[in-house]
Amino acid sequence: MGSGRWSTDVYGAAASYRAATGRSAFAYSDSGARKVHERLDPRGVDVRESRDSDEHPRSTPIAVLFDVTGSMGSVPRTLQSKLPELFGLLLRKGYATDPQIMFGAIGDATCDRVPLQIGQFESDNRMDDDLGNIVLEGGGGGQRTESYELAMYFMARHTSLDSVERRGRRGYLFLIGDELPYPQVKPAEVRRWTGDELAEPISVAAIVAELRQRFEVYYILPSGASYAGDPEILGYWRRLLGQHVIELDDLDAVCETIALTVGLGEEAIDLAEGLTDLADVGSTATGSVGRALATIGSTRGVAVRTDLATAGLDTDGPDDGLIRL
Amino acid sequence: MTFAEAAALVDAARTPGDLFGGDQPAVTYRKLARLLHPDAAPAGRTVTATAAFARLSSLWATHQGRGNTTLTTRRHRYTLGDRFATGDLANLYRVRYDGRQGLLKLPRQPAANDLLDREATALVTLRRNGDPRHRAYAPELVESFRHEDPTTGVRRTANVLSHCAGLVPLTELARAYPDGLDPRDVAWIWRRLLVALGWAHRAGVVHGAVLPEHVLIEPDQHGVVLVDWCYSVTTEGGSVPALVARYRDWYPPEVAKRAPATPATDIHLASGCMRWLMGTGAPDALFRFIRGCTQPSPRRRPQDAWRLLAELDELLEKLYGPRRFRRLVLPTTTV
């Protein structure tokens, strides 16, 4: 996956077509679908992969998974209208080389019909199709918990990223929601929704630790969601992810926030430069984004750049005598 | 600044100072790098961009201290020495900083970065949560930083560790005593190892790879240092991320099953090392003790290294009487 080119024109054309015909961008969901679209079905998937290619030699995988249960109100639809811009923004500003974006949705595995929807890493308009095919649950359990842990399990165990394996650069995973994960990844749910057999439950902390081997994991709590600003929910995610928790008071700024977070992670920009970039393109979201990213921007260490061979450091040696589990 | 202006600027620069002599060299570098990166080059200018970008990278690297074999991070300036060791997944180099000795550990494959990250997390956790009296049982983390290759964009996690001379891995001990070590010599190593594990477990760290190469001893002072924390688990319910292939059979079953690693995992591995060190002539009671520590089900094994140490002490007293210091002589190091 991840080949092909993304074109703003194609996206624009698709959007105006939908507007002209009065169809929602969530046509699949709005047409009454209550089953996961086959492109987004995690069942029986070996891996969702982000690969380097001649066309995209240095892929940067970026996954955006959002909560589609009722507590999120109109947030999923706002996200849907904003997220397609993300790719163009990343490309235009050079925040990341060869971005490949995956969209997915999180529901509640204890009561929803479609608790997990996971697209592919794409670098063309297929990502927009994935977004359009997401079923909006609108239900949810009403217990302030959604199955984030199931989504994190899938992302930890069913993704394969060249950026990590070849270049030691982690991908980016953004979870957008307003609730807590369940405390454990449960074998029965894993079997039902992915087909994997698990011998015993996995704690959320353990699955986050595993996930972080591949992704920089961020949680975005947008305003307009039921539990926005809830100290218990923020506190829980902060204990789990440290400073990678972003409170976002302007949902319109979601793309910019994600783009800048990636740019900071890639060390393509510092926060001040990123905010200047935003102002340059006429964004009014610099205040929100600046507040949201202040802690991330100020604490990040800078990579040391030296040519290893010239410094007398080799990376040759025997093949790693490891068996990865 | 346009692409052409940036390319001309880099072309005209004779020394790194010409480009990076200003107040914010890193900002200058990033600005130029963004303009000149071959991926972002205007149509038909890829060749110019590639050349200019390479020159920019080289000038930036020189500016950062390359050429006189030092590595400068935010916290230290390391003078690089020769290769000290080649481990399972990383190469270790001697470094000097602030008049001290250290070891720079660099993974051979960038895909192993997560394991270096684990080591850094474990060593920081041991410092923060562990009883300070036992700190000598693990190396100190001087610094963990990210290294990026300026041309390929490959990133590696590098760990700098404190270095103490005169330590010998159990593998060397086994080579010196091919018929097995006297159980009374094994006894102090075992006791110290249990202290190291008890200390780490109380701090919330499971080592995950207590294997002969990773247990270092200081023969004269009866010291033990547990090294290579790359396989460690610091999360409740977390599992060991990888096996050292040549020791595959030494691991307890929960490791390959990706089931949670617990203190009982380390106790199993440590007991295996001790059994391997002892000659076949060791008392049956010791082998029985080891069997009790290496049960396949983690629930049937001892769960607490400190309590196991007390049990071991009782057994040793029964077998050998009150403890006395025994000098351990390594034939290879006596010359």
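How many salt bridges are there between chain B and chain A? The count is 12, where a salt bridge is a side-chain nitrogen of Lys or Arg within 4 Å of a carboxyl oxygen of Asp or Glu. The structure is a predicted model, in which local features need pLDDT of at least 70 and side-chain atom pairs count only at pLDDT 80 or more, while totals for chains, interfaces and linings use all residues. Residues are numbered from 1 along each chain as its sequence is written, chains are lettered from A and ligands numbered from 1 in the order in which they are written, and side-chain values use heavy atoms, with hydrogens and water left out.

One salt bridge joins the side chains of A:Asp270 and B:Arg30 (3.2 Å, N to O). The interface of chain B and chain A also holds 29 residue pairs in polar contact, both residues at pLDDT 80 or more. A polar contact is a pair of N or O atoms within 3.5 Å; within protein, one must be able to donate a hydrogen and the other to accept it, and residues adjacent in sequence count only if both atoms are side-chain atoms. On the side of chain B that touches chain A, helix α5 (residues 113–129) of chain B gives the most, with five residues. Helices (H or I, at least four residues) and strands (E, at least two) are DSSP runs, numbered from the N terminus. That side of chain B divides into 29 nonpolar, 16 polar and 19 charged residues. Here Ala, Val, Leu, Ile, Met, Phe, Trp, Tyr, Cys and Pro count as nonpolar, Asp, Glu, Lys and Arg as charged, and the others, Gly among them, as polar.

In contact terms (heavy atoms within 4.5 Å), 64 residues of chain B meet 50 residues of chain A. The two chains bury about 5,100 Å² between them, 49% of it on carbon and sulfur atoms. Buried area is the accessible area (1.4 Å probe) that two parts lose on being put together, summed over both.

Over all chains, the structure holds 42 salt bridges. One of them pairs the side chains of A:Arg166 and A:Asp52 (3.5 Å, N to O). A:Arg166 lies in helix α7 of chain A and A:Asp52 in the loop between β1 (48–50) and β2 of chain A, so the pair ties together parts that are 114 residues apart in sequence.

The second largest pocket has a volume of about 1,200 Å³. On a 1 Å grid over the protein atoms alone, a pocket is an open set of points with protein on both sides within 12 Å along at least five of seven lines, a cavity is a set where a 1.4 Å probe fits but cannot get out, and lining residues have an atom within 4 Å of a point. Grid points are joined across faces, edges and corners, and a volume is the space filled by probe spheres set on the points. The pocket is lined by 49 residues; A:Gly94, A:Tyr95, A:Thr97, B:Arg34 and B:His37 lie nearest its centre. α3(B) gives the most to this lining, with six residues.
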